[in-house]
Amino acid sequence: MGGHELVVDQPADTGGSDHGPTPVELFVASLASCVAFYAGRFMDRHGLPRGDLGAVADFEMADDGPARVARVRIRLRVPASEPVAQARREALRAVVHHCTVHNSLLRPPEVSIDVDVAETGRGDGR
């Protein structure tokens with residue numbers, strides 16, 4: 001992705017090697033990192049220190065089918081050294097609710113999945 005290598009795996013108890021986050025964890029992390037990015041831009045725009053700005057996310061899977069994430073909770077941590085005033089807190093909340101990943105969940109993209117069979121070398125020059 002963009003010249004970066006990313007390892008995605010499954011836990012060992014489900015047949016993976018646990019060398020990286022699961023696809024679902026990556027999905028939730030994508031949302032949390034987008035929220036944190038938008039929060040950082042807000043802090044910069046308003047001259048507020050980023051300090052230990054961060055986001056922590058957890059999620060719950062749906063109990064019924066199909067397999068999917070049912071709930072995501074993101075806790076945005078802003079620096080305590082400079083409390084965000086109530087008016088700015090509401091503005092910050094509005095800004096992070098419009099991050100690109102969140103918008104994509106609210107208005108899901110059209111998704112198509114193609115299956116291509118990789119051709120292996122025949123060894124006969126064809």
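This report covers salt bridges, a nonpolar surface patch and aromatic contacts in a predicted model.

The model has six salt bridges. One of them joins Asp58 and Arg75, whose closest N and O atoms are 2.7 Å apart. Asp58 belongs to strand S1, residues 54-61, and Arg75 to strand S2, residues 69-77, so this contact ties together parts that are 17 residues apart in sequence. Both ends are partly exposed: Asp58 has a relative accessibility of 34%, and Arg75 has a relative accessible area of 35%.

A salt bridge also forms between the side chains of Arg71 and Glu60, with an N to O distance of 3.8 Å. This distance counts because the cut-off is 4 Å. Here too the pair links distant parts of the chain, with Arg71 in strand S2 and Glu60 in strand S1, 11 residues apart. Glu60 is partly exposed, at a relative accessible area of 46%.

## The Asp64–Arg68 salt bridge

Another salt bridge is made by Asp64 and Arg68, and the closest N and O atoms of this pair lie 3.0 Å apart. Asp64 is partly exposed at 48% relative accessibility. Arg68 is likewise partly exposed, with a relative accessible area of 34%.

## Nonpolar surface patch

Three residues, Met1, Leu6 and Val8, make up a nonpolar patch on the surface. Their accessible area together is about 300 Å². Met1 is located in the segment before helix H1, which spans 23-45. With 67% relative accessibility, Met1 is classed as exposed, because the limit for that class is over 50%.

## Aromatic contacts

The structure contains one aromatic pair. Its members are Phe37 and Tyr38, with ring centres 6.1 Å apart and 75° between the planes. The pair is edge-to-face, because planes over 60 degrees apart are given that label.

Arg41 lies over the face of the Tyr38 ring, at 4.7 Å from the ring centre. Tyr38 therefore takes part in both the edge-to-face pair with Phe37 and the contact with Arg41, the latter distance being within the 6 Å limit for a charge over a ring.

How values were computed. Residues are numbered from 1 along each chain as its sequence is written. This is a predicted model: local features need pLDDT of at least 70, side-chain atom pairs count only at pLDDT 80 or more; totals for chains, interfaces and linings use all residues. Side-chain values use heavy atoms; hydrogens and water are left out. Helices (H or I, at least four residues) and strands (E, at least two) are DSSP runs, numbered from the N terminus. Buried means under 20% relative accessible area, exposed over 50%, partly exposed in between (1.4 Å probe, protein chains only). Patches are made of residues with over 30% relative accessible area and no salt bridge: like charges are joined within 9 Å, nonpolar side chains (Val, Leu, Ile, Met, Phe, Trp, Tyr) within 5 Å. Accessible areas come from the Shrake-Rupley method with a 1.4 Å probe; for residues, only the protein chains shown count as cover. Rings of Phe, Tyr and Trp (its six-membered ring) pair if their centres lie within 6.5 Å; planes under 30 degrees apart count as stacked, over 60 as edge-to-face and the rest as tilted. A charge sits over a ring if NZ of Lys or CZ of Arg is within 6 Å of the ring centre and within 35 degrees of the ring normal.
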